[in-house]
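Trainee: I would like to learn how to read the features of a structure like this one. Please take them one at a time.

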Amino acid sequence: MPPLQVLVSVTFVEEGPRPPTEAPTAAMLIAGRPGRLAAALAAVLLLAGCGGQGMLSKKALSQEAKGVQSLASEGTLLADDAARGRSTSTFTRIHARFLEQAARSSRAKLARGQTPKGRRLAQLAARVNSDLERLSRSGSDHATQRRLQQDLAQAADAISKLGKSL
Amino acid sequence: MKQFLQIALGILSAIGGFVDIGDLVFNTQAGATFGFQLLWVVVVGVVGIIVYSEMCGRVAAISKRPVFDLVRERAGFGAGLGTLIASEVVNLMTCAAEVGGVAIVLQLLSGLPYRFLIGLGVVGIVVVSWVLPFEWLERLFGYVGLCLLVFAVAAVKVGPSWGQVAHGFVPGMHTGSHLVFLYFVVGLLGAALTPYEVYFYSSGAVEDAWGREDLRINKITSVIGYGLGAFLSFSLMILAAVLFLPRGINPQFLGTPALGAQDALGKIGLLLALVGILFAVGGAAIETSFSGAYNLAQFFGWQWGKRERPGGAPRFALTWIVIFALALAIVMTGYDPVKLTEYSVIFSVVALPLTFLPILLVANDPAYMGDSRNGRASNVLGVLYFVLILAISISAIPLLLLTNGGQG
C-alpha cells in the first residue's frame, strides 16, 4: 500500500470492509503512526517533485490493469451465475458491491493517468465500475444480468489486451 | 462413533489453521496464480504440523503440561515473555480478522449491514463459547465446518486435468516469477505451521483430559484432523486453478472461493460453502481467543480451562472475553479482515521458533516423557522441520516486501 493511502485508509466504508488494496510497504509494516506520517510526508514531497507527470509508473499502471481485469472477470462469472439462476440475489448484490468498491478505488487511481493508454484504461475501469454497480442492483432481473455479463466480459478482454500493450 | 467424536479437536485445530479467513483467500490466490504447482507445499506443511501436533499432544497427555507452560520453562522468562507478547498480538489480530470474516459471511447470507453483523457475530460467538462445554465447541465448529468439503466436490465437478494435478505434487516451479512463487511457498508453509494451532491443540488435549491411554487417539486426531485441513487446501487450489487462473482472476475477497463453489454446483454449492466458511472462521475466532487466554494463564500460572466454571478460572474467562472485545474494536475500524492476517505474519516470525523448539526439546526429554519420548523418526522430522521454521521466520517479511504481498 503506498504511504499516502495509509492516511486515506482511516475512512470508513458503511457496507463492508474496505476493498483490498496493494500490499503494505516496509514503512507501514514496521513503523507505528509517527513512522507512517513521516513516510506519507516523504511520499507527498516525492510526488510533488514529479510535477504531476506520470503519476502512475508503467509498472503501477500494468498492475492496475491486471487488477481491473480481474474484477471484470470475476464480475463476469458472478453475472453469468446470476443470469442462470445459480446464485442468490443477496450474494450477487453483496459480492458485486465488494467488487464495485474495489473497481471504484482503481478508477480513482487511474484517473491520474496522463498517457492515452492510461486514459483508455481509466475509461474501461469506469465502465467496469458502473457495470458492477448495476449488477449489485439487478435483483433477479436475469436479462439485465446477462447483458452485464457480456459487457463485463468485453471489458475484461479489452483491458487484458490493453494491459499487454503497456 | 466415540472415536469419531474424539477427533473433533484435531479437525477444529486444523480448520482454524488451514482454512481460516486468510488461508481461504491465500489458497485460492495460490491456485489462481500458479495453478497446481504449489500442491506439494501443502503436503510439506501438513507433515510438519502433524509431527509437531502429535508431539505436543503426547507431551500434554503424558506430562499434563501444555505448550506455553513449556515455553516459559525452557526459553526463560525474558524470551518467554517475548514469545508471549508476539503470540498474543498474532492471536488478537487473527481473531479480529476472523470476526470480520464472520460478519462478511453473514452479510453474504443475509444482506444486513456489515457493522451490525460484526456486533451480532461477536455476541453470538461469545455466548456460544460461554454456554457450550469445550468438547461441544470442538464438535459444533469442527463438524459443521466440514461443509467446506463442498469445495472438494466442486473441484472434482470442474474437471481438472488429473495428470496435471498429480504433477503439482512433485516439487518444482515451471512458470511465473520466482520471488512470487517463493512468497507463496513461505506463506503456505507458515499458514500450516501457525503457533496458535499448537497452543490450542495442546491446551485442548489437557482440557479433554488426555492420558497415556489416549496416545493412539492423539496420533489419529493429528493425522486425520490436519489431513482434512490439507485436503481442503488442495480442493481450494484445484478449484481456483481451473476456474480463476484462465480468466485472470486474482481472488481478494472472502466471497470469491464461495463464488467458485457456486459456479460449479449452483445455489446449494454456494450455501454449503458459506455455511462451511462461517463455522470455520467462527471456529478459528474461538481458537485464537482461547489460545490467547491459554497462553496468558499458562505463562503467569493462573487457573485456566474451559472445563473450569468461569468463577473457577476468572482471569482466564476474562482474558478471552477481552480478546473478543478488542477484536471487535479493531474490525469496527473498517479495515479489510483479509489484510489483517498479513500483518500477523510479522509477529508470527518471533513466535514461531520459540513455540516449536520447546515442544521438540520436551518431547525428547526422558525426565518428562519416560518411555513415551520421541523416537528416531520423530526427532529427525522434528529437527528438519525446525530448520524449515527458522527459514520461514527469516524469509517471510523480506518476501512480503519484495513481492508487494505476492502482487509481483
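Predicted model: local features only at pLDDT ≥ 70, side-chain atom pairs only at ≥ 80, totals over all residues.

Trainee: At what angle do helix 5 and helix 13 of chain B pack, and how far apart are their axes?

Mentor: The angle is about 150°, and the axes are 7 Å apart. Angles over 145 degrees count as roughly antiparallel, so helix 5 of chain B and helix 13 of chain B are roughly antiparallel to each other.

Trainee: How do the residues of that contact divide into nonpolar, polar and charged?

Mentor: The contact of helix 5 of chain B with helix 13 of chain B has 19 nonpolar, 13 polar and four charged residues.

Trainee: How should I read a nonpolar core?

Mentor: In soluble globular proteins, nonpolar side chains tend to be buried together. Here the largest nonpolar core holds 178 residues. The members that touch the most other members are Val99(B), Val105(B), Ile277(B) and Ile359(B).

Trainee: Which helix gives the most to this core?

Mentor: Helix 13 of chain B, residues 255-300, gives the most, with 22 residues.

Trainee: Which residues does Ile359(B) touch, leaving aside those up to four places away in sequence?

Mentor: Ile359(B) touches Tyr52(B), Met55(B), Cys56(B) and Val59(B), and also Val67(B), Leu70(B) and Val198(B).

Trainee: Now for chain A. How many helices and how many strands are there in chain A?

Mentor: Chain A has seven helices and zero strands. Its pattern along the sequence is α-α-α-α-α-α-α. Of the 166 residues in chain A, 45% are buried. For contacts in chain A with a separation of 6 or more, 74% come from residues 24 or more positions apart.

Trainee: Why does Gln154(A) count as partly exposed?

Mentor: Gln154(A) is partly exposed because 15 other C-beta atoms lie within 10 Å. Glu138(B) is buried because 27 other C-beta atoms lie within 10 Å. Glu138(B) and Ala240(B) are 102 residues apart along the chain, and their C-alpha atoms are separated by 29 Å.

Trainee: How many residues does the contact between the chains take from each chain?

Mentor: The contact takes 32 residues from chain A and 36 residues from chain B. On the side of chain A that touches chain B, helix 2 (26-30), helix 4 (58-83) and helix 5 (89-110) of chain A give two or more residues. Helix 4 of chain A gives the most, with nine residues. By class, this side of chain A has 14 nonpolar, 10 polar and eight charged residues.

Trainee: How do helix 4 of chain A and helix 13 of chain B cross?

Mentor: Their axes come within 10 Å and cross at roughly 45°, which means that helix 4 of chain A is oblique to helix 13 of chain B. The crossing is left-handed.

Trainee: Which residues meet there?

Mentor: Glu74(A), Leu77(A), Leu78(A) and Asp81(A) in helix 4 of chain A meet Thr256(B), Leu259(B), Gln262(B) and Asp263(B) in helix 13 of chain B. This contact has three nonpolar, two polar and three charged residues.

Trainee: One more topic, the backbone angle phi.

Mentor: Most residues other than glycine have a negative phi. Lys64(B) is not a glycine, yet has a positive phi of about 65°. Lys64(B) is found in the loop between helix 4 (39-63) and helix 5 of chain B.

Trainee: Which other residue has a positive phi, near 55°?

Mentor: Ala209(B) does. Ala209(B) is in the loop between helix 11 (195-207) and helix 12 (215-243) of chain B.

Trainee: Are these residues exposed or buried?

Mentor: Lys64(B) counts as partly exposed because it has 13 C-beta neighbours inside 10 Å. Ala209(B) is exposed, with 11 other C-beta atoms within 10 Å.

How values were computed. Residues numbered from 1 in each chain as written. Chains lettered and ligands numbered in written order. Helix = DSSP H or I, 4+ residues; strand = E, 2+ residues; numbered from the N terminus. Buried ≥ 20, exposed ≤ 12 C-beta atoms within 10 Å, placed from the backbone. Contact = placed C-beta atoms within 7 Å. Core = buried A, V, L, I, M, F, W, Y, C linked by C-beta atoms within 7 Å. Nonpolar A, V, L, I, M, F, W, Y, C, P; charged D, E, K, R; others polar. Axes fitted to C-alpha atoms, helices over the stretch in contact; angles between N-to-C directions. Parallel < 35°, antiparallel > 145°, perpendicular 65-115°, else oblique. Left-handed = near helix turned anticlockwise from the far one by under 90°.
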